Amino acid sequence: MKLITAIIKPSRLEDVRQALSGLGVQGMTVTEVKGFGRQKGHTELYRGAEYVVDFLPKTRIEVAVAADMAERAIETILQSARTGKIGDGKIFVYDLEQVVRIRTGETGASAL
């Protein structure tokens, strides 16, 4: 099993959700986060005062999938989150040792 964490632009969340649902991914966790990479933030004006915005709004998606489905899920996220502009985000993939569904006590892939 794999845990896929994707940091994407907030505007791409619905496209990614629909694409992963179409692939058969049954659940995901979404968190609003802030961060920066190569964008390095930007400068804005507010009521005549200039200030630096270091951290930009991003969306973090976490999806647990079976190992044989991981590559398809990664490719689906790539295709649906990509805009071709700086700040599209990153995908991190982790090995998932164990999953337990709290309600039923199911473990492993059946708990996904």
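Which handedness does the crossing have where α1 passes α2? Right-handed, where right-handed means that the near helix is turned clockwise from the far one by less than a right angle, and left-handed that it is turned anticlockwise.

Before the rest, the ground rules. This is a predicted model, in which local features need pLDDT of at least 70 and side-chain atom pairs count only at pLDDT 80 or more, while totals for chains, interfaces and linings use all residues. Residues are numbered from 1 along each chain as its sequence is written, and side-chain values use heavy atoms, with hydrogens and water left out.

Back to the helices. Helix α1 covers residues 13-23 and helix α2 residues 70-81; helices here are DSSP runs of H or I, at least four residues, and strands runs of E, at least two, numbered from the N terminus. The two axes come within 9 Å and cross at roughly 150°. Axes are lines fitted to C-alpha atoms, for helices over the stretch in contact, with angles from 0 to 180 degrees between N-to-C directions. α1 and α2 are therefore roughly antiparallel to each other, the label for angles over 145 degrees.

Next, the sheet. It is open, has four strands in the order β2-β5-β1-β6, and its pairing is antiparallel. Strands pair if DSSP finds at least two bridges between them. β2 and β6 stand at the edges with a single partner strand each, so one side of each has no neighbour in the sheet. From one strand to the next, the twist averages 20°.

Going through the pairs: β2 (residues 29-35) joins β5 over seven bridges, with L56 as the bridge partner of G35. β5 (residues 56-65) and β1 (residues 2-8) also have seven bridges, and K2 stands opposite V65. Seven bridges join β1 to β6, where I8 stands opposite G89.

Key. Angles under 35 degrees count as roughly parallel, over 145 as roughly antiparallel, 65 to 115 as roughly perpendicular and the rest as oblique.
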